[in-house]
Amino acid sequence: MEYGPPPLFNQGVSARARLAFFSLVAAVLIIIDAQVNALDAIRNGVEILLYPVQRVLLWPRDLALDIGAHFTTVASLSVENERLRRNAVEQAQQVQEAAQLRIENDQLRALAGVRQRLSVPAQVVVALYESRDAFSRKVVIDRGSRDGMRAGGPVLDEAGVVGQVTRVFPLTSEVTLLTDKEQSLPVQIVRNGLRAVAFGGQEAATLELRFLPANADIENGDSVVTSGLDGVYPPGLPVATVLHVERDIKDQFARVVLRPVAGASRSRMLLVLLVEPPPLPPAADAAHAPANVRGDRAAPKAGRR
Amino acid sequence: MKALWQRLAGAANGRPLSAVRNPRPEQVLRPVRPSFIWATLGGAFLLNLLPWGHALWIPDFFALVLVFWNVHQPRKVGMGIAFVFGLLMDVHNGALFGEHALAYTLLSYGAITLHRRIQWFPLGSQAIYVCGLLLLAQLASAAVRLWVGGGSPFWWLGLLSSALGAALWPTLNSALLAPQRRPAKRDDTRPL
């Protein structure tokens, strides 16, 4: 309760007028942000302001994780050490094989006159936090446009594809996970080369293949890799395994649910492939929009359909 | 229900309703310090920024503190503050720019409109009002996402977050009003 004299006349702008004003501004901002990426400059500025605070607030969690790691027993460490050594030996053999195969592949491609496959530069990043949003699955990583990040880059962990960089700030970037409902990528089944498009699934931490006919040749346990048709994801990266297939007679399409292979280890180290954004198909309305504006806008959505 | 009728009957008999509602004498609160308002709003915002992961059921601490100050100090904390903090939240969560701003503005308006009515009730009933306000803000945010074209199988977790937030209301109330309930004169023999 205040002791000052109650303001009888000077009440300022009415609450309804304020509500109307701020709601209108918010609605305009939402519409602009949903339609065009014109607000990125403001967003970048706010993100730079928030960045130090966010980093400081990560300390308590990291400290807790560190303390937890400190009390890991010697037994579990030695088990892990053993496993890593075995992996290293196994992978050494695979690496030698891969090197030999690459040379052989290059020679064959040269013989057949096919364009050489380019190796993609990559950068290791650390996932900072996952955004708390019911409608999307996003992870923020600790590298931004200052470190050469670019929207559209595929993000991997040690098991397979995690997602795609969808928005780049100067110091951080947002990665949209494959399990996001709006995310999609072209895939193919290893066993028979059947191509499909994987979307974020209905249930938590699943993907689904849509628009496959009910009699498509898919079995439980099939592994699914990127097909590389979009020009963003390099072909052959592991994506998921088939969890179950529902074939309903009444339905035209099969319902195929996948479990992503990445993210199982909860590792916070990720790998971002710094791919060049693919050249855009000639647009029908190219005459209306300047080319550079279209290029900027289309880059983040390169992997989305 | 019966108790309510008795109360109303008591009010009709000429006793002031506040005396019927609350038999204890009401304490006159000391004026609030603006620095305290800002500190609590900032602290609640920082709580929201903590890396909670994808835990959707965690209550929105900032929304709760915002409602509190809108109810208790509607002339000091208004929709402008709600809007600006909403924009910050949008950037942190990677949401649409303006989504949280709209939700917080609506929340703030609702709280300011209802502030006299809410203070009239005991804390438990206040919490129900607060739950309704938080749900309204959640629905506004969900409506924006649906309009843009998103969908989510986990939207109901947001309702849980509102309910948890409302459950925190009585605790929050006593914590944030404590500095105003201090006695005017400092008494050295009193423990607090």
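**Before you start**

This is a predicted model, in which local features need pLDDT of at least 70, side-chain atom pairs count only at pLDDT 80 or more, and totals for chains, interfaces and linings use all residues. Residues are numbered from 1 along each chain as its sequence is written, while chains are lettered from A and ligands numbered from 1 in the order in which they are written.

**Stop 1**

Select chain A. It has four helices and twelve strands. Helices (H or I, at least four residues) and strands (E, at least two) are DSSP runs, numbered from the N terminus.

Now find the barrel. Six strands close it, in the order β6-β7-β8-β11-β10-β9, with antiparallel pairing. Two strands pair if DSSP finds at least two bridges between them. Strands of a sheet pair through backbone hydrogen bonds, either parallel or antiparallel. On average, neighbouring strands of this sheet are turned by 45 degrees against each other, direction ignored.

Pick A:Gln188: opposite stands A:Val225 in β9(A).

**Stop 1: strand β1 and its partners**

Select residues 122-130 of chain A, which form β1. Strand β12 (residues 269-273) of chain A pairs with β1(A) in the antiparallel sense, over five bridges. Click A:Ala122; the bridge partner in β12(A) is A:Leu273.

**Stop 2: a loop residue in chain A**

Select A:Phe211. This residue lies in the loop between β8 (207-210) and β9 (223-226) of chain A. Is A:Phe211 buried or exposed? A residue is buried if 20 or more other C-beta atoms lie within 10 Å of its own, exposed if 12 or fewer, and partly exposed in between; C-beta atoms are placed from the backbone. A:Phe211 counts as exposed because it has 11 C-beta neighbours inside 10 Å.

Look at the backbone too. Most residues other than glycine have a negative phi. The phi of A:Phe211 is near 60 degrees, a positive value.

Zoom out to the whole chain. Of the 305 residues in chain A, 28% are buried.

**Stop 3: chain B**

Select chain B. How many helices and strands are there? Chain B has ten helices and zero strands. Of its 192 residues, 37% count as buried.

Two residues are in contact if their C-beta atoms, placed from the backbone, lie within 7 Å. Take the contacts in chain B with a separation of 6 or more: residues 24 or more positions apart account for 69% of them.

Select B:Gln27, in the loop between α2 (17-21) and α3 of chain B. B:Gln27 counts as exposed, with 11 C-beta neighbours inside 10 Å.

**Stop 4: two crossing helices in chain B**

Select α8 (residues 123-148) and α10 (residues 169-177) of chain B. Their axes come within 9 Å and cross at roughly 110 degrees. Axes are lines fitted to C-alpha atoms, for helices over the stretch in contact, and angles run from 0 to 180 degrees between N-to-C directions. α8(B) and α10(B) are therefore roughly perpendicular to each other. Angles under 35 degrees count as roughly parallel, over 145 as roughly antiparallel, 65 to 115 as roughly perpendicular and the rest as oblique.

Show the side chains. B:Leu123, B:Gln126, B:Ala127 and B:Val130 in α8(B) meet B:Trp169, B:Pro170 and B:Asn173 in α10(B). This contact has five nonpolar, two polar and no charged residues. Ala, Val, Leu, Ile, Met, Phe, Trp, Tyr, Cys and Pro count as nonpolar, Asp, Glu, Lys and Arg as charged, and the others, Gly among them, as polar.

**Stop 5: where the chains meet**

Show both chains. The contact takes 43 residues from chain B and 39 residues from chain A. The chain B side divides into 28 nonpolar, 13 polar and two charged residues.

Finish with α1(A), residues 15-35, and α6(B). Their axes come within 8 Å and cross at roughly 165 degrees. The two helices are therefore roughly antiparallel to each other. Residues in this contact include A:Phe22 and A:Ile30 of α1(A), and B:Leu102 and B:Tyr109 of α6(B). By class, the contact has eleven nonpolar, three polar and one charged residues.
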